[in-house]
Amino acid sequence: MAVSTKTQSTMWEHPQYTATAKAVRRMRDSVAGEDVIKSKGVTYLPHPCHDPDAQRSAEQVVRYDAFKIYAEYENTPGNTLETLVGAMFRVPPTIDLARMDDTLINDSDGNGMGLEESLELTAAECLQMRYEGLLVEYSDLAGLDPSEISEEVRRDLGLRATIKHYPRESIVDWSYRVINGAKQLNMVILRDCERQVVNPAEVGASAFNRETIEAYLVLGLDADGGYFQRRYVVDSASNSTGKWSEMIYPEANDAKLNHIPFEIVFSTERKVGDIPAQLGYLDPISLKAVHRYQVSALLKEALRLTAQPTSWSKGWTEQSLALYQKATGRDYVSLGSGEHIPLFGDAEAGYLEWNADSNGLFKYMEENKKDAVALGAVFSDLGEQAETATAAAINSAEKKGVLSTLAKNIEQSYRKVLGWVAEFDGTDAEGANVKLSREFVAIRLSAQDRAAIVAEYNAGVITRAEAIRQLEKGGVLTVEAEALLDELERAGQV
């Protein structure tokens, strides 16, 4: 049955998905930076003229163009995201696949994304969106003809299990129900949109066509609890109808699965089935950045119109003007640098002054930065200040338990995902493990701290080996503590 694309997508969208769509888009745009934010026009920067009819006048169109051009957007969401992900992966994660296929290390998704890169992507998504989806399947399984899907065909084609990433925007709908006494994912609908060249052979010719292929992948459990996939591809030619694929039942070890191998990774602790409406840790920082951009536009317009030096004069009479003209030979008052201005009678001249210290726009910009920094935002300060600000942002996030909780959740989710990969590949996931470092900031001992360690060693409170290990952990040594201890032992100094 032909179904309207708009009607179908609207019907599929979970109410929560629809309600949060604008906030999700704002988060993406705020991280993308100034060019993207400005390209959205009044979405993020309302017109300073409040009359909709007047906004269309030539004068107001020119005004808005200048309003937007001079506005400054500080990409604190992007800076903060880069800082936090960098802190989480400052020390490379420990990945042990044990008896699993180690191809996954360098290509986890079938498109060349390494497993460590996959972990970083998940962390970045969760910090922005609070959750991300991971689907385990055989390479391009959903794109094959159902009649061709068999264990023999999979082996012949060299198919293997891969981990596909689905961001929050792609997780359109979901439901949970109790199955065999446990609440689990019962259905999830995933949306894919890909822009492709219709005929690659035409590239380089005078013209070639592109089209956006939109598809929906339905993952669910049937009445008997068996896992199936079904794909709906929108017909780009008609732009109104689509076509359903046959129902596909992926198998592992020659048997249907009784669960959906789709894991939703959260940045915070959640109950099973509780999909959060809130965005991630960066959300309030994103809002502060957009508000700062809006006030920056108002401030820059005020600076252009009122803060530039403007001359004035008063008190002229016909007699004083005649004397000025006779003395200077000019019919105007010149207030330029180095100019002498002879004034007669009660005539006065000067410049208008703009008191920035008491201006509310400047005050807001100061308060906005303080609030954003308190939320953990990283501004683009330079030099030593930047290093201090970065460390402060990491410490702020860790005080709230954001990085440790996220690291723990990623570890748990990837262990589960690796189990599904092994199940599909017919290997053993026992012993496979993913471990993220909790050393988010490089520790460097101060001179006083180092002296205290030496004093404790001299007093016999700690051993020489312990002192050396503490110095290594504090970033003092140029070699590993164990290597240094071995060297000292060989020299008979331990």
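What volume does the second largest pocket have, and which residues line it?

Analyst: This is a predicted model, in which local features need pLDDT of at least 70 and side-chain atom pairs count only at pLDDT 80 or more, while totals for chains, interfaces and linings use all residues. Residues are numbered from 1 along each chain as its sequence is written, and side-chain values use heavy atoms, with hydrogens and water left out.

The second largest pocket has a volume of about 560 Å³. A pocket here is an open set of points on a 1 Å grid over the protein atoms alone, where a 1.4 Å probe fits, with protein on both sides within 12 Å along at least five of seven lines. The volume is the space filled by probe spheres set on the points, which are joined across faces, edges and corners. Lining residues have an atom within 4 Å of a point; there are 24 of them, and Glu263, Ile264, Phe266, Val272 and Lys416 are the closest to the pocket centre. Strand 5 (182-197), strand 11 (262-266) and helix 14 (402-425) are the elements that each give two or more residues to this lining. Helices (H or I, at least four residues) and strands (E, at least two) are DSSP runs, numbered from the N terminus.

By residue class, the lining of the second largest pocket holds 10 nonpolar, 7 polar and 7 charged residues. Ala, Val, Leu, Ile, Met, Phe, Trp, Tyr, Cys and Pro count as nonpolar, Asp, Glu, Lys and Arg as charged, and the others, Gly among them, as polar.

Turning to ring contacts, lysine 256 has its charged end over the ring of tyrosine 249, 4.0 Å from the ring centre. Lysine 369 lies over the face of phenylalanine 379, at 5.0 Å from the ring centre. The criterion is NZ of Lys or CZ of Arg within 6 Å of the ring centre and within 35 degrees of the ring normal.
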